[in-house]
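Thanks for coming. I will go through a few local features of one structure, residue by residue. Please have it open while I talk.

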Amino acid sequence: MSKMNGTYDIYIQGYDYGCGVNKVLVTLEKTINHMNKDYLKVTETKQVQDLTNPQFPVEIVKSERHIVDAYLCNDIGEHISESSQYVMIELLCSPIEGNPLLFNMLTQYNTYSKPYLLDIDYNGEWSIEKQYQNKYTCANAFTLESGIYEGVNYQYLYYQPDYDSKSLVVWLHGMGEGGTVDTDPYISVLANKVTALIGEEFQRMFNGVHVLVPQCPTYWMDEDGKASNFHNILIDASRYSYYTQSLHALIEDYKNKYHIEHVMIYGCSNGGYMTLLMGMDYPEEYQAIVPICEAMPDECISEDDLFHIKDLPMYFVYSKDDNVVDPTSHEIPTIKRLKNIGATDLHVSVSENVVDTTGQYFDEKHQPLQYMGHWSWIYFDNNACLGEDNMKVWEFMASRMLTRIASRKWN
């Protein structure tokens, strides 16, 4: 008996820990009238990096995916009871299963795994092409554009609410989501669950808000645009970024195009650095800034820099156990200095560590799974940041965006 041929598409969902292939839509050459998930087997082939080897070699590995459910569906994946040539397979995703990205320790960039293949078998009766046909993601609600600003060629994503809005939130990604070689601007949204900003809760709090996600051609902390200050997976940080003026020009272009009146910037790590830098260089142009695990060394910040942002609404987010960007040489002294000069609207959310917020993942002691301390953006994405004054970060952002400050004194 000959096998039934078919193809498949993958669906990628964003999670606290990154993203994962959570659904597979199989298209068969003929209709079938039943589906039993116990007969299915899905084997994933992808790139991984051996972190136990100091050379961090990239290897191709195979692993069996855990199947949550499988059912007959229509061509857009909706469950149906009649015969169909379409089958939806729902797959388990977790911090250790299903990620289609490769984070390369040597380059510090995220790229899609090449190859990324699924071997789909149904009781020996199917012959499904191993390479997927189409890739759909939860970031598809964003539109991709590109443009040259101050001589820099940017790709960027943007989201527009269903109704007219004069407000804009700019997300500045971390080191892993930059680059132009073999990367994808949509990774800038998927790797850190930026889709939370276009979710119902966030949008409702802002009465609708635009979201702009520029992708840096290298990394925001790059001094010359040539990655000359990147050595042995570390960056020699300074007060200067090659991208300051060009990023400002991109934001200004978006503002003019869509008649934006209020802008807020937030970002993590490299993007937290750039968030703080943009605030220092253009303090009068933003309603507020939210630096998350920011990588601007305090020693690089002058007293004049601090006075420029003294009256700018700010909300810092970090974890005490961040071993990538040490808070003792970044946020802690900077926040102390800001308080000493009388910062007027300063908020800080500090956690001891970063743990799973979903209640789904646990360690061997059945305690909530603990992530790297650097991943404090997880708390932002879930509106779980609570400031010293019990103000949540989304509430802070919405209140500062919706209440236009008529008289702000700048120094």
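Let me begin with R400, whose side chain makes a polar contact with the side chain of H347 at 3.4 Å. By polar contact I mean a pair of N or O atoms within 3.5 Å; within protein, one must be able to donate a hydrogen and the other to accept it, and residues adjacent in sequence count only if both atoms are side-chain atoms.

Before going on, two notes on the source. This is a predicted model, in which local features need pLDDT of at least 70, side-chain atom pairs count only at pLDDT 80 or more, and totals for chains, interfaces and linings use all residues. Residues are numbered from 1 along each chain as its sequence is written, and side-chain values use heavy atoms, with hydrogens and water left out.

Back to R400. Its side chain also makes a polar contact with the side chain of D345, at 2.7 Å. R400 sits in helix α8, residues 393-402. Helices (H or I, at least four residues) and strands (E, at least two) are DSSP runs, numbered from the N terminus. Is R400 buried or exposed? R400 is buried, with a relative accessible area of 15%. Buried means under 20% relative accessible area, exposed over 50%, and partly exposed in between, with a 1.4 Å probe and protein chains only. Not counting residues up to four places away in sequence, R400 touches M264, Q287, A288, P313, D345, H347 and M391; contact here means heavy atoms within 4.5 Å.

Next, salt bridges. How many does a search of the whole structure find? The search finds 16, a salt bridge being a side-chain nitrogen of Lys or Arg within 4 Å of a carboxyl oxygen of Asp or Glu.

Four residues, E44, K46, R65 and E97, are linked in a network of salt bridges. Within it, E44 pairs with K46, and their closest N and O atoms are 3.4 Å apart. E44 is buried at 2% relative accessibility, and K46 is buried at 12%. R65 pairs with E97, with the closest N and O atoms 3.3 Å apart. That pair links distant parts of the chain: R65 is in strand β4 (residues 58-65), while E97 is in the loop between β6 (84-91) and β7 (101-104), 32 residues apart. Both R65 and E97 are buried.

Another salt bridge joins the side chains of K255 and E252, at 3.0 Å from N to O. Where are these two? They are three residues apart in helix α3 (residues 244-258), so about one helical turn separates them. K255 counts as buried at 15% relative accessibility, whereas E252 is partly exposed at 23%.

Now the backbone. K114 and P115 are joined by a cis peptide bond, with omega about 10°. P115 lies in the loop between β8 (109-112) and β9 (116-122).

Which residue in the loop between β3 (40-49) and β4 comes up next? That is F56, which has a positive phi of about 50° although it is not a glycine. F56 is buried, at 16% relative accessibility. E150, another residue other than glycine, has a positive phi near 50°. E150 is in the loop between β12 (143-149) and β13 (152-159), and it is exposed, with a relative accessible area of 57%.

That is the last item. I will take questions now.
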